[in-house]
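Colleague: I have a few questions about this model. Could we go through them one at a time?

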Amino acid sequence: MAHVSVPVPLHRPRRPTSSAVGVAYLVLVGLVGLAFALQFQPTQVPGYLLLVGFDLLQNPLAPGLTGLAFDVAFHAYLVVLAALVASVVGEP
């Protein structure tokens, strides 16, 4: 039996562009805004999941975070998520 060599493509990590991160960030902020603006439950679920995801990180790492510090940390969390989304969804 002959040995068959299958070429494996080299995948380089994608670097998201700043515009892709900005668009993803605005989409995430919009989803959180829908959770508060509309009283129709199906539109509240994505924003709620973003808040709960942040809560899972914030409570063990910085319990008692309130006010401006909470807002800054939450938006930093959204920027990190936006960068991840832009790198996954973005063009190769």
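Colleague: Is Phe74 buried or exposed?

Modeller: Phe74 is buried, with a relative accessible area of 7%. Please keep in mind that this is a predicted model.

Colleague: Which other residues of helix 3 are buried?

Modeller: Besides Phe74, the buried residues of helix 3 are Tyr77, Leu78, Ala82, Ala86 and Ser87.

Colleague: And what do they pack against?

Modeller: The buried residues of helix 3 pack against helix 1, which covers 18–37, and against helix 2.

Colleague: How many residues does helix 3 have, and what span does it reach?

Modeller: Helix 3 has 23 residues. From its first C-alpha to its last it reaches 33 Å, close to the 33 Å expected at 1.5 Å a residue.

Colleague: Let us step back to the whole chain. How many helices and strands are there?

Modeller: The protein chain has 3 helices and 0 strands. Read from the N terminus, its elements run α-α-α.

Colleague: What share of the residues counts as buried?

Modeller: Of the 92 residues of the protein chain, 18% count as buried. The accessible surface of the chain comes to about 7,200 Å², and 71% of that belongs to carbon and sulfur atoms.

Colleague: What about contacts between residues 24 or more positions apart?

Modeller: Such residues account for 55% of the contacts in the protein chain with a separation of 6 or more.

Colleague: Now the rings. How many aromatic pairs are there?

Modeller: The count comes to 5 aromatic pairs. One of them is formed by Phe54 and Phe70, and it is edge-to-face, at 5.2 Å centre to centre with 75° between the planes. This pair links distant parts of the chain, since Phe54 belongs to helix 2 (residues 41–61) and Phe70 to helix 3 (residues 67–89), 16 residues apart.

Colleague: Why does Phe54 count as buried?

Modeller: Phe54 counts as buried because its relative accessibility is 6%, and buried means under 20%.

Colleague: Which ring pair does Phe70 form with Phe74, stacked or edge-to-face?

Modeller: Phe70 and Phe74 form a stacked pair, with 6.3 Å centre to centre and 0° between the planes. Both residues lie in helix 3, 4 residues apart, which is about one turn of the helix.

Colleague: Which residues do the ring pairs link into a cluster?

Modeller: The cluster linked by ring pairs consists of Phe54, Phe70, Phe74 and Tyr77.

Colleague: Phe70 interests me. What is Gln58 in contact with, neighbours within four places in sequence left aside?

Modeller: Gln58 is in contact with Pro63, Gly64, Leu65 and Phe70. Gln58 lies in helix 2 and counts as buried, at 8% relative accessibility.

Colleague: Changing topic to the surface: which residues form a nonpolar patch?

Modeller: Val45, Tyr48, Leu49, Val52 and Leu56 form a nonpolar patch on the surface. Together they have about 500 Å² of accessible area.

Colleague: Where is Leu49, and is it buried or exposed?

Modeller: Leu49 is in helix 2. At 53% relative accessibility, Leu49 counts as exposed, because the term applies over 50%.

Colleague: And Tyr48, buried or exposed?

Modeller: Tyr48 is exposed, with a relative accessible area of 53%, and its place is also in helix 2. The C-alpha atoms of Tyr48 and Ala35 are separated by 6.4 Å, and these residues are 13 apart along the chain.

Colleague: One more kind of distance. What separates the C-alpha atoms of Val27 and Leu78?

Modeller: They are separated by 10.0 Å, with the two residues 51 apart along the chain. Val27 is found in helix 1 and counts as partly exposed at 48% relative accessibility. Leu78 is among the buried residues of helix 3.

Colleague: Finally, where is Thr17?

Modeller: Thr17 is in the segment before helix 1. At 45% relative accessibility, Thr17 counts as partly exposed. Thr17 and Ala83 are 66 residues apart in sequence, and their C-alpha atoms are 8.7 Å apart in space.

How values were computed:
Residues numbered from 1 in each chain as written. Predicted model: local features only at pLDDT ≥ 70, side-chain atom pairs only at ≥ 80, totals over all residues. Heavy atoms only, no water. Phe/Tyr/Trp six-rings, centres within 6.5 Å; stacked < 30°, edge-to-face > 60°. Helix = DSSP H or I, 4+ residues; strand = E, 2+ residues; numbered from the N terminus. Buried < 20%, exposed > 50% of the residue type's maximum accessible area, 1.4 Å probe, protein only. Patch = residues over 30% accessible without salt bridge, like charges linked within 9 Å, V, L, I, M, F, W, Y side chains within 5 Å. Areas by Shrake-Rupley, 256 points an atom, 1.4 Å probe, with all protein chains shown as cover. Salt bridge = Lys/Arg side-chain N within 4 Å of Asp/Glu carboxyl O. Contact = heavy atoms within 4.5 Å. Expected span 1.5 Å × (residues − 1).
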